[in-house]
Amino acid sequence: MESSSGLRACSSVDDESSDEVDYITGQHDDTLFLIFSRLPGGKWGDEEDSALNVLSLTCRRFHELLSEQKNLRRLSNLRTEVGQMSIVQNAAGIRILIRGDQLPGRVSVIHDYRTNVTKRSDNEKEWKILSGGPKAPCELGIPPNLITELRQILMRFNPQCVTIGGTSFLSKQATADLASCLSEFPKIGRLDLFTRTKLKPPGRFTELKPTDLARLVCNFEKLYKIESRFLVNELIQSWISDRQYDNYSIIPLVNTKDIVQCSAISMHNFENVHKFHHELSMVTLSDFLDAVERRPSKGIEWVLSLSCDAKAIDKVIQDKALKLGYTLTVDETWNVKVLKRENSEIQIDWNSELQRYKIYIYRQPYSYFY
């Protein structure tokens, strides 16, 4: 396999003699993409010598193939893998940071893209950040110039995590614009949503509905600090329905004011879920056990609430759990029921805050959230 430096040596097509055979023009696009797929991705700190950058300078056809929007997914392997991309709103506008590592204390900034939308956007009134102007930020969507800039960044970098801070700019239309841009690329590992509820004015994020956010979260495998109000069945099922992925994980932000607002969800498609921590989501014990059976050899860490009472729980344990091979242990002191089988352990205990039974399962192999 040629190195990227070897590709660079061939990049000056103007120097080729006229009698040389042109092998590129006659090749089908699929053949070229197959060749591209065998090339290595960019190396951290050496983006200029990456195969993606060198190929785009090789000839006009390569440049056009690598630039076309419809080909973005097929070129994912050529992007430079980075730890984190942050999209942050501040008084100046929108700031996009690309970081080499998502772990605290090991952060080095590669690029800092600043878009002062208040000055550059045609919709200046819609982009009056924290100004109390007549329009909320991004009410009419994210300006095309910023979406184009974001797309160019994602064509070069493959972030493992996307952090969105200062979410007051996420109106319904802005969320749809961001989701549409991200959908052109393969799923990203993790989304962190840091809401700023004390922001004045709060913007349109507080008015977003779960259906508005569903398109955005479907571009990620893992969700962190998603507000509990969004975790209704429609959003969850939309998020985990893609069977190409089986490591969906979520650790939401549970607001104390929502502590009694439980909602019933379906365990359908939970065979694709590795980690799900949300005690405000209610399921039946029977559906819970069925979902565990549909994920037989993969890690599980689910924490939910049960919609059934103690009598119904005991009946399902006798009629289904024991027949599935679980053994039952009861701790009368702490009112905890433990079901064990092979490398799986299910605990059922009383949650005094929610006034419901909580169910928790842990099964190897364990996967860290990152």
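Mentor: Start with N269. N269 counts as buried, because its relative accessibility is 6%, under the 20% limit. Keep in mind that this is a predicted model. N269 lies in the loop between β8 (263-264) and β9. Its backbone deserves a look too. The phi of N269 is near 70°, a positive value in a residue other than glycine. Most residues other than glycine have a negative phi.

N335 is not a glycine either, and its phi is positive, about 55°. N335 is found in the loop between β11 (327-331) and β12 (336-341). N269, in contrast, counts as buried at 6%.

Now go from the loop to the aromatic rings. F270 is buried, with a relative accessible area of 0%. F276 is buried as well, with a relative accessible area of 0%. Their rings form an aromatic pair. The centres are 5.1 Å apart and the planes stand at 65°. That pair is edge-to-face, because planes over 60 degrees apart count as such. The pair belongs to a cluster: ring pairs link F270, F276, F288 and W302. A search of the whole structure finds six aromatic pairs.

From β9, move to helix α9. β9 (273-283) is among the elements that cover the buried residues of α9. The cover also includes α8 (210-217), β6 (220-227) and β7 (248-253). Helix α9 spans residues 233-240. Its buried residues are L235, I236, Q237, W239 and I240.

Take α8 from that cover. Two packed helices are described by the angle between their axes and the distance between the axes. For α8 and α9, the angle is about 15° and the axes are 9 Å apart. That makes α8 roughly parallel to α9, because angles under 35 degrees count as roughly parallel. The crossing of α8 and α9 is right-handed. On the α8 side, the contact is made by P210, L213, A214 and V217. On the α9 side, the contact residues are L235, S238 and W239. L235 and W239 are also among the buried residues of α9. By class, the contact of α8 with α9 has six nonpolar residues, one polar and no charged.

P210 is worth a stop. P210 is found in helix α8. With 19% relative accessibility, P210 counts as buried, because the limit is under 20%. Leaving aside neighbours within four places in sequence, P210 is in contact with R229, F230, V232 and L235. P210 and I236 are 26 residues apart in sequence. In space, C-alpha to C-alpha, they are 9.3 Å apart.

The axes of helix α6 (residues 144-156) and helix α7 (residues 172-182) come within 10 Å and cross at roughly 30°. That makes α6 roughly parallel to α7. α6 passes α7 in a right-handed crossing. From α6, the contact takes I147, L150, R151 and L154. From α7, it takes D177, L178, C181 and L182. The contact of α6 with α7 has six nonpolar residues, no polar and two charged.

V162 sits in β4 (residues 157-165). V162 is buried, with a relative accessible area of 2%. Not counting residues up to four places away in sequence, V162 touches M85, I87, I188, R190, L191, D192 and F220. Q84 is 78 residues from V162 in sequence, yet the two are 5.7 Å apart in space, C-alpha to C-alpha.

Last, the whole chain. The chain has eleven helices and 14 strands. Of its 370 residues, 47% count as buried. Take the contacts in the chain with a separation of 6 or more: residues 24 or more positions apart account for 68% of them. The separations of P210 from I236, at 26 residues, and of V162 from Q84, at 78, can be read beside that figure.

Key:
Residues numbered from 1 in each chain as written. Predicted model: local features only at pLDDT ≥ 70, side-chain atom pairs only at ≥ 80, totals over all residues. Heavy atoms only, no water. Buried < 20%, exposed > 50% of the residue type's maximum accessible area, 1.4 Å probe, protein only. Helix = DSSP H or I, 4+ residues; strand = E, 2+ residues; numbered from the N terminus. Contact = heavy atoms within 4.5 Å. Axes fitted to C-alpha atoms, helices over the stretch in contact; angles between N-to-C directions. Parallel < 35°, antiparallel > 145°, perpendicular 65-115°, else oblique. Left-handed = near helix turned anticlockwise from the far one by under 90°. Nonpolar A, V, L, I, M, F, W, Y, C, P; charged D, E, K, R; others polar. Phe/Tyr/Trp six-rings, centres within 6.5 Å; stacked < 30°, edge-to-face > 60°.
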